[in-house]
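Here's a quick tour of a protein chain for you to follow along with. Keep the picture open while you read, and look for each part as it comes up.

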Amino acid sequence: MGLDHNGASDLWGAGGRGARLSRSVSPTGSTRATWRSPRGSRCTSWWRYSNQRLAEEQRRLAAVEGRARQLEQRVARLRGALSDQYRFDRIIGEAPAFREALDQAARVAPAETTVLLTGESGTGKELVARAIHYASRRAEGPFVAVNCAALPETLIESELFGHERGAFTGADRLKRGRFELAAGGTLFLDEIGELAPAVQAKLLRVIQERQYERVGGTATLSAAVRLVTATNHDLEQAVVDGRFRGDLYYRLAVFRVHLPRLAGADGRCPHAGRPLSERVRGQDGTE
Ligand SMILES: Nc1ncnc2c1ncn2[C@@H]1O[C@H](COP(=O)(O)OP(=O)(O)OP(=O)(O)O)[C@@H](O)[C@H]1O
Ligand SMILES: [Mg+2]
């Protein structure tokens, strides 16, 4: 059956060839259809057909809404489990210097302040970064972690800022960067001392201007993230040695928390092998 807008057309089907259907659309968008057989009798089958379609659509919509509600509840449950898992008071360690460091981190968490976490490997920097996120106003948003040491210099820029399709050989589609994925939440840059000079310069610009472009892109995106960074290096020494930009260091170390080493009897961190975060991951397969 062909039907033009507000027009009439031949109708094939129950009424047979030669039947005419005219349709008009009211200003409110509702459709009024009149079906006439060649002998002049009117038929309401079109309306019944519409109602049936409408009922099917409503059933489908109700099923989709039900599924969306279930997913929302699931997300809320997992979010609750995560924020519970990463509460400051869940972090183990009674040493006064360690508790003092946690208190500092807990105090700065609700603010938007950029935080630099320092401390040896395994002292819980990532754990504290997550605790800061879940105790902040951004807790409902994403927590995105990037290990700057794990990515080669050629990849880190597009990993952080994303790239446009065709930006370079192999960039066959648009990629959103971690800044974009963390929008509304917290971006945790681990091993920040490993950043190459060119990326340090770009990061400084993003922090100063709160804006950036994807690699190969012209659109300006806003950096809607709270930044928490971590290092197990002596960054101040790296600044003195000229390996890390001083201006970037001062932007990152707005609030600095040093996590002291918690040595067990054997000299190792007593929490090694007790990954709290893995228990959370196990619930859903994802973080
Ligand atoms: N105080 C703590 N309480 C409970 N678990 C801890 C504590 N400190 C560390 N852990 C656990 O030990 C592991 C290492 O911690 P985390 O990754 O936070 O350390 P890190 O300081 O980021 O180390 P690295 O410098 O090697 O990245 C994690 O699984 C973490 O859950
Ligand atoms: Mg870490």
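## A strand in the middle of things

Let's start with one pair: valine 146 sits opposite leucine 189 of strand S9. Keep in mind that you're looking at a predicted model. The chain has 287 residues, and 35% of them are buried. It folds into 9 helices and 13 strands.

**Strand S9**

- Strand S6, residues 143–147, pairs with S9 in the parallel sense, and 5 bridges link the two.
- S9 is also joined to strand S12 (residues 226–231), again running parallel, this time through 4 bridges.
- So who does leucine 189 meet in S12? Its bridge partner there is threonine 229.

**The sheet around S9**

- Zoom out and you get an open sheet of 5 strands with parallel pairing, in the order S6-S9-S12-S5-S13.
- S6 and strand S13 (255–258) are the edge strands, as each of them pairs on one side only.
- On average, neighbouring strands in this sheet are turned by 20° against each other, if you ignore direction.
- Strand S5 (residues 115–118) pairs with S12 in the parallel sense over 4 bridges.
- Within that pairing, leucine 117 has alanine 230 of S12 as its bridge partner.
- Helix H2, made of residues 96–108, lies across S5, S12 and S13. Its direction is at about 150° to S13.

**Nonpolar cores**

- Which residues have the most contacts inside the largest nonpolar core? They are Phe179, Leu187, Leu189 and Ile192, in a core of 31 residues.
- The elements giving two or more residues to this core are S6, H4, S9, helix H6 (197–209), helix H7 (235–240) and helix H8 (246–252).
- H6 supplies the largest share, with 5 residues.
- Phenylalanine 179 is worth a click: leaving aside its neighbours within four places in sequence, its contacts include Leu160, Phe161, Leu187, Leu203 and Val206. Tyr212, Ala223, Val225 and Leu227 are also among them.

**Salt bridges**

- How many salt bridges does the structure hold? There are 18.
- One of them links lysine 175 to glutamate 159, with the closest N and O atoms 3.5 Å apart. Lysine 175 belongs to strand S8 (residues 175–176) and glutamate 159 to helix H4 (residues 153–161), so this pair ties together parts that are 16 residues apart in sequence.
- Lysine 175 is partly exposed at 29% relative accessible area, whereas glutamate 159 counts as buried at 13%.
- Arginine 214 forms a salt bridge with glutamate 164, and here the closest N and O atoms are 2.8 Å apart. Arginine 214 is in the loop between strand S10 (211–213) and strand S11 (220–222), while glutamate 164 is in the loop between strand S7 (162–163) and S8, so the pair ties together parts that are 50 residues apart in sequence.
- Is arginine 214 buried or exposed? It's buried, with a relative accessible area of 11%.
- Aspartate 247 and arginine 245 form a salt bridge too, their closest N and O atoms being 2.9 Å apart. Aspartate 247 is partly exposed at 36% relative accessibility, and arginine 245 is partly exposed at 33%.
- Asp84, Arg87, Asp89 and Arg90 are joined into one network by salt bridges that share partners.

**The chain as a whole**

- Take the contacts between residues at least 6 apart in sequence: 61% of them join residues at least 24 apart.
- The chain's accessible surface comes to about 16500 Å², and carbon and sulfur atoms account for 49% of that.

Terms used
Residues are numbered from 1 along each chain as its sequence is written. Chains are lettered from A and ligands numbered from 1 in the order in which they are written. This is a predicted model: local features need pLDDT of at least 70, side-chain atom pairs count only at pLDDT 80 or more; totals for chains, interfaces and linings use all residues. Side-chain values use heavy atoms; hydrogens and water are left out. Two strands pair if DSSP finds at least two bridges between them. Axes are lines fitted to C-alpha atoms, for helices over the stretch in contact, and angles run from 0 to 180 degrees between N-to-C directions. Contact means heavy atoms within 4.5 Å. A salt bridge is a side-chain nitrogen of Lys or Arg within 4 Å of a carboxyl oxygen of Asp or Glu. Buried means under 20% relative accessible area, exposed over 50%, partly exposed in between (1.4 Å probe, protein chains only). Accessible areas come from the Shrake-Rupley method with a 1.4 Å probe; for residues, only the protein chains shown count as cover. A nonpolar core is a set of buried Ala, Val, Leu, Ile, Met, Phe, Trp, Tyr and Cys residues joined through side-chain atoms within 4.5 Å.
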